[in-house]
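Subject: Handover of a structure and notes on it

Dear colleague,

Please find the structure below, followed by an account of what was found in it. I would be grateful if you read the notes with the structure open.

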Amino acid sequence: MNIALADLSEHRTKLFPFTLTRPVADLRVGILTIREKWEKHLKQSIHFLAVPELVGKFPKPTGAIDLIINGAICPNAELLKAIQSLNDKELLKSGELFIAAKGSFDPSDPTINLKGYQPVEFQKSCTVINRSWDLFSNNKAQLHADFELLTNGRESQKIKDPHTIVYGDQVFLEEGVDIKAAILNAEEGPIYLAKNSIVQEGATIRGPFGLGENSRINMNAKIREGVTIGPNCKIGGEVSNSIVYGNSNKAHDGYLGNAVVGEWCNLGADTNNSNLKNNYDEVKAYDFETNNFIKTGLQFCGLFVGDHSKTAINTALNTGTTIGVCSNVFGSGFPSTYIPSFSWGGGDQTVTHKFDKAIETARKVWARKNIKDTDEDEKILKTIFDRSTKK
């Protein structure tokens, strides 16, 4: 069966800046991305139905699509059963929310033509990632779900270091994990350490927690509940209820809480974000649909950082701050709580980050990870730059 995860406009814009550079289904929540979850559950490869500027990097399937699933929805057992029970020309929905449709769809058609499809109402609950703050808000639950999915029928590697202390029995190590003199507390949630990851001396980790392949938790780091670290990252300091995407670093001291940090980012030493207002009011965050600030419904809401963005040492970021793609944030005091893509600065002196300089930095960062074929990534960044500078 040819299955595709659709990038629906009603979700995509609300999830900027992260979906400026990736389809909705490529978002990571829990240990896995949304696509990886569906692939594990359905035991097959799944394609994206991405917007035109992303198709070069995230190609559409060839041939007719048999099943389309909303890329913003995370799978669960009830949802899988309902989707697998669909007949031809039926669509699954929950109220106004489109979930899935079974039929024959042309991948070159920019619209999903559901004319003549019979609706089937899904009566159970499902997890929908509709806003950036939905990522960390659902991360604890998705860490639990992904841990069960990934460890079912598998045996963990043993912790050989005699100085590492473990509480609870939900700790899983893939091959090549290196851990020394750390504290792992899995009493309230599982801890998953992926292949060739490292936990250095003195690090303290509370589950639920997921560490990506080839990533490292630095000495004396404090990792609180609900944290996901993607592959190829270096993490230090204190992190709580946050997601850091692949190839990003927060190597030094500083607090990161109720936050989502994109790929290829670097948070300078002693970068700190607030996640609670001093008056305990509901936090507002930038909305890319209305170009204004909206209420999040959350008392704890910290930071959102788009791909390729950096912060200088001692950067202080206020509650609910959003930083776009390819921005370099520095300067004294608190920067704006919305920093557009390709910004250079952070206060009153912020200017546009020159595209050639931003790409020069990105190429250096890619080269450090031995990534050479970056043409499609550069096209995506150029599209973002052109659109951001036209405003």
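How many bridges join strand 5 to strand 6, and in which sense do the two strands run? Five bridges join strand 5 (residues 90-94) to strand 6, and the two run antiparallel. Strands, like helices, are DSSP runs numbered from the N terminus, with at least two residues (E) for a strand and at least four (H or I) for a helix. Two strands count as paired if DSSP finds at least two bridges between them.

Before going further, please note that this is a predicted model, in which local features need pLDDT of at least 70 and side-chain atom pairs count only at pLDDT 80 or more, while totals for chains, interfaces and linings use all residues. Residues are numbered from 1 along each chain as its sequence is written, and side-chain values use heavy atoms, with hydrogens and water left out.

Buried means under 20% relative accessible area, exposed means over 50%, and partly exposed lies in between (1.4 Å probe, protein chains only).

Helix 2

In helix 2 (residues 34-42), the buried residues are Ile34, Lys37, Trp38 and Leu42. Seen down the helix axis, they fall within an arc of 115°, so they line one face of helix 2; the arc is that of the directions from the axis to the C-beta atoms. These buried residues pack against strand 1 (3-6), strand 3 (65-70), strand 4 (73-74), helix 3 (77-84) and helix 5 (139-151). Contact here means heavy atoms within 4.5 Å. Lysine 43 follows helix 2 and has a positive phi, near 55°.

An open sheet of nine strands shows parallel pairing in the order 10-13-16-19-22-25-30-33-35. Its edge strands are strand 10 (171-173) and strand 35 (338-339), each of which pairs on one side only. Within this order, strand 19 (residues 227-229) and strand 22 (residues 243-244) pair in the parallel sense over two bridges. Isoleucine 243 in strand 22 is the bridge partner of threonine 228.

The hairpin of strands 28 and 29

Strand 28 (residues 284-287) and strand 29 (residues 292-295) pair in the antiparallel sense over four bridges. They form a hairpin with four residues between them, and asparagine 291 in the turn has a positive phi of about 55°. Aspartate 287 lies in strand 28 and stands opposite asparagine 292 in strand 29. Aspartate 287 counts as buried, at 2% relative accessibility. Leaving aside its neighbours within four places in sequence, aspartate 287 is in contact with Arg131, Asn292 and Ile294.

Isoleucine 198

Isoleucine 198 lies in strand 14 (residues 198-199) and counts as partly exposed, at 29% relative accessibility. Not counting residues up to four places away in sequence, isoleucine 198 touches Asp178, Leu211, Ser215, Arg216 and Ile217.

Backbone features

Most residues other than glycine have a negative phi, and most peptide bonds are trans.

Lysine 89, in the loop between helix 3 and strand 5, has a positive phi near 65° and is partly exposed at 42% relative accessibility. Aspartate 270 has a positive phi of about 65° although it is not a glycine. Aspartate 270 lies in the loop between strand 26 (266-267) and strand 27 (272-273) and is partly exposed, with a relative accessible area of 36%.

Yours sincerely
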